[in-house]
Amino acid sequence: MSSPINQKSLPERTADAIAVMLNTENYSVGAKLPNELQMAERFEVSRSTIRQAEKLLAEQGILEIERGAGVFVSGKLGVENDPLGFSLVYDKQKLAHDLLELRLMIEPKAAALAAQNAHPKDIQLLYRLCDELEMLVQSGQNYLQKDMEFHQTIANCSGNYAVYRMIPYIHQMQLLHDTITPEHHLNATVVEHRKIADAIAHKRASDAFDAMQYHLMVIRGRLE
C-alpha cells in the first residue's frame, strides 16, 4: 500500500519545486517570477503545468497572479493555509522530524488530560476510530486520515483549547511532508492506538501519557 500523499501529480510536484526556488533564491515579497515560458524551460514541463502549479501556490497564499502583469510572491506568504510558513521550509525531511518532536512535547500531556476529561461519548468515538482504522489496515486501504482523526479526538478531549486548535494543523503539515513508509508497522499502529484508548477510557492519566509517548517514539524511530 502506498499513500496518495506521496503520489503527487506533476503540477503539485512542480509547485513544490517552485516553492523551493522561492526559498533557496531568496525571493522577497512582491518579487516577480520569470515568465511562463522561462519557468517551463527551467522545470522542463509544459506551460500548462506551470500555470496549474502557480495556481496551486496562489491558492496557498504563496503567490499572487495578476492578469496581464505576471506572477508575484504574495505578502501573505502562505499564512492563510499555513500560518507558520512550513510550506516554505526547504528541508522537508528535517521539518517532518521537527514536527514529530513538537508532537512529543504536546501529545503525551494531551492524552493524560484526555484521561481526566473525556466523556463517555468521547470514549465511544475513540474506540470506533480504532475499529475503523483496523478495518482500513486489514483491507489494505489508506488509513492516515483515520489516524489523524484519532489524535485530533484526543486533543479535543484534553479540554485545552490551544491543543485542540494546534494538533490538527501540526498533523496536516506532517502528513504533507512526512516521507516514512508505514507498510511494515500497520499492526503495531493499531495495537498502540488501542492501548492509548484503553488508558483514556479507564482514566489512567499516567498510562495514557506513557502510551502516547511510546507511540510517537516508535514513529520517530521509523523516521530515523
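Which residues does threonine 189 touch, not counting residues up to four places away in sequence? The views below take up this point and others in a predicted model, in which local features need pLDDT of at least 70, side-chain atom pairs count only at pLDDT 80 or more, and totals for chains, interfaces and linings use all residues. Residues are numbered from 1 along each chain as its sequence is written, and side-chain values use heavy atoms, with hydrogens and water left out.

View 1. Threonine 189 touches Tyr143, Asp147, His215 and Arg222, residues up to four places away in sequence not being counted; contact means heavy atoms within 4.5 Å. Threonine 189 counts as buried because its relative accessibility is 3%. Buried means under 20% relative accessible area, exposed over 50%, and partly exposed in between, with a 1.4 Å probe and protein chains only.

**View 2. The protein chain and its elements.** The protein chain holds nine helices and two strands, in the order α-α-α-β-β-α-α-α-α-α-α from the N terminus on. Helices (H or I, at least four residues) and strands (E, at least two) are DSSP runs, numbered from the N terminus. Of the 224 residues in the protein chain, 44% are buried. Among contacts between residues at least 6 apart in sequence, 69% join residues at least 24 apart.

**View 3. Helix H5, residues 120-138.** The 19 residues of H5 reach 27 Å from first C-alpha to last, close to the 27 Å expected at 1.5 Å a residue; the expected span is 1.5 Å times one less than the number of residues. Its buried residues are Asp122, Ile123, Leu126, Leu129, Cys130, Glu132, Leu133, Leu136 and Val137. These buried residues pack against helix H6 (144-157) and helix H8 (186-201). Just after H5, glycine 140 takes a positive phi of about 75°.

**View 4. The largest nonpolar core, of 25 residues.** A nonpolar core is a set of buried Ala, Val, Leu, Ile, Met, Phe, Trp, Tyr and Cys residues joined through side-chain atoms within 4.5 Å. Phe150, Ile154, Ile196 and Ile200 touch the most other members of the largest core. Helix H4 (92-117), H5, H6, H8 and helix H9 (205-223) each supply at least two residues of this core, and H9 gives the most, with seven residues. Another core, of 17 residues, lies apart from it, and includes Ile18, Met21, Leu22 and Met39.

**View 5. The contacts of isoleucine 196.** Leaving aside neighbours within four places in sequence, isoleucine 196 is in contact with Phe150, Ile154, Ala211, Met212 and His215.

**View 6. Glutamate 44, in the loop between helix H2 (36-43) and helix H3 (47-59).** With a relative accessibility of 74%, glutamate 44 counts as exposed. Although not a glycine, glutamate 44 has a positive phi of about 55°. Glutamate 44 and threonine 14 are 30 residues apart in sequence, and their C-alpha atoms are 9.6 Å apart in space.

**View 7. Lysine 203, in the loop between H8 and H9.** Lysine 203 is not a glycine, yet has a positive phi of about 55°.
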